[in-house]
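Please report on the side-chain contacts in this protein.

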Amino acid sequence: MKKALSTASIAIIMLLSLFSLFGCNKYTSSYKAVAFVHTNTSKNANMSFSSFEGTMVFKLKCENENEKIEYSARLESGSAKVFYDCSGTKIELFSVNAGDDISDIGGALKKGTVYIIVETSEVGKNGRFDFDIK
C-alpha cells in the first residue's frame, strides 16, 4: 500500500513539474548574444548588445486604454523587426536597419499585458532598444 501511494505521489509531482516547465508566457526569448544587457520592469524595458541574433521578449503592463509605446532604437549593422501584442495579435511596431537611429511613439494599447518582441533574422551589431509605456 505504501509503495502504491509513494508511486502515485511521485507521478503527481512529476506531472506538476512538467506543467511548470511550460510557463505562462505566450512568447519566449531565444537568442545568441555577446555583451548583452537587458532590463524589464512593468512599464519599461531595454536591451543593448555588441552582437545579437534571435528573439527577445519583454512583458510589460498597460494600466490605461490611452497609453502608447515610446521607443527608440539604433543598430550599427544588421536589421530587426519589433512587434507588440496586447490583444492576442502580433502587430509590427517598427523595423530598424543598419545605421538607423530612430525614436517615436506608437502602438494602440489595451489595458493589460503587453508583449514587445524584438526579432532579428541576421546578426545585429552594436545595438540598443528602449521601450516605455506612457
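Buried means under 20% relative accessible area, exposed means over 50%, and partly exposed lies in between (1.4 Å probe, protein chains only). This is a predicted model: local features need pLDDT of at least 70, side-chain atom pairs count only at pLDDT 80 or more, and totals for chains, interfaces and linings use all residues. Residues are numbered from 1 along each chain as its sequence is written, and side-chain values use heavy atoms, with hydrogens and water left out.

## Salt bridges

Side chains of opposite charge can pair when their charged atoms come close. A salt bridge here is a side-chain nitrogen of Lys or Arg within 4 Å of a carboxyl oxygen of Asp or Glu. The count comes to six.

| Lys | Glu | N to O distance |
|---|---|---|
| K32 | E53 | 4.0 Å |
| K43 | E67 | 2.8 Å |
| K134 | E70 | 3.8 Å |

Strands, like helices, are DSSP runs numbered from the N terminus (strands: E, at least two residues; helices: H or I, at least four).

Take K32 and E53, which meet in a salt bridge. K32 lies in strand β1 (residues 30–34) and E53 in strand β3 (residues 44–62), so the pair links distant parts of the chain, 21 residues apart. K32 is exposed, at 60% relative accessible area. E53 is partly exposed, at 27%.

Next come E67 and K43, with their closest N and O atoms 2.8 Å apart. This pair also links distant parts of the chain, 24 residues apart. E67 sits in the loop between β3 and β4 (69–77), while K43 sits in the loop between β2 (37–40) and β3. Is E67 buried or exposed? E67 counts as buried, at 10% relative accessibility. K43 is partly exposed, with a relative accessible area of 21%.

K134 and E70 form another salt bridge. K134 is in the segment after β9 (124–133) and E70 is in strand β4, 64 residues apart. K134 counts as exposed at 56% relative accessibility. E70 counts as partly exposed at 31%.

## Pairing of strand β4

Two strands pair if DSSP finds at least two bridges between them. The strand that holds E70 has two partners described here. β4 pairs with strand β7 (residues 101–106) in the antiparallel sense, over six bridges. In that pairing, I69 stands opposite G106 in β7. β4 and β9 also run antiparallel, joined by eight bridges. There, L75 stands opposite G127 in β9.

## Aromatic rings

A pair of aromatic rings is described by the distance of the centres and the angle of the planes. Rings of Phe, Tyr and Trp (its six-membered ring) pair if their centres lie within 6.5 Å; planes under 30 degrees apart count as stacked, over 60 as edge-to-face and the rest as tilted. How many aromatic pairs are there by this rule? The count comes to nine.

One of them joins F36 and F52. Their ring centres are 5.3 Å apart and their planes meet at 45°, so the pair is tilted. F36 is in the loop between β1 and β2, F52 is in strand β3, and 16 residues separate them. F36 is buried at 18% relative accessible area, and F52 is buried at 0%.

F94 and F131 make another tilted pair, with centres 6.5 Å apart and planes at 35°. F94 belongs to strand β6 (residues 91–97) and F131 to strand β9, 37 residues apart. F94 is buried at 6%, as is F131 at 1%.

Ring pairs also link Y31, F36, F49, F52 and F129 into a cluster.

A charge can sit over a ring too: NZ of Lys or CZ of Arg must be within 6 Å of the ring centre and within 35 degrees of the ring normal. The charged end of K90 sits over the ring of F83, 4.6 Å from its centre.

## Cysteines

A disulfide is a covalent bond between the sulfur atoms of two cysteines. The cut-off applied is a pair of cysteine sulfur atoms within 2.5 Å. A search of the whole structure finds zero disulfides. C62 is in none: the nearest cysteine sulfur, that of C86, is 6.7 Å away. C62 counts as buried, at 3% relative accessibility. C86 is buried as well, with a relative accessible area of 14%.
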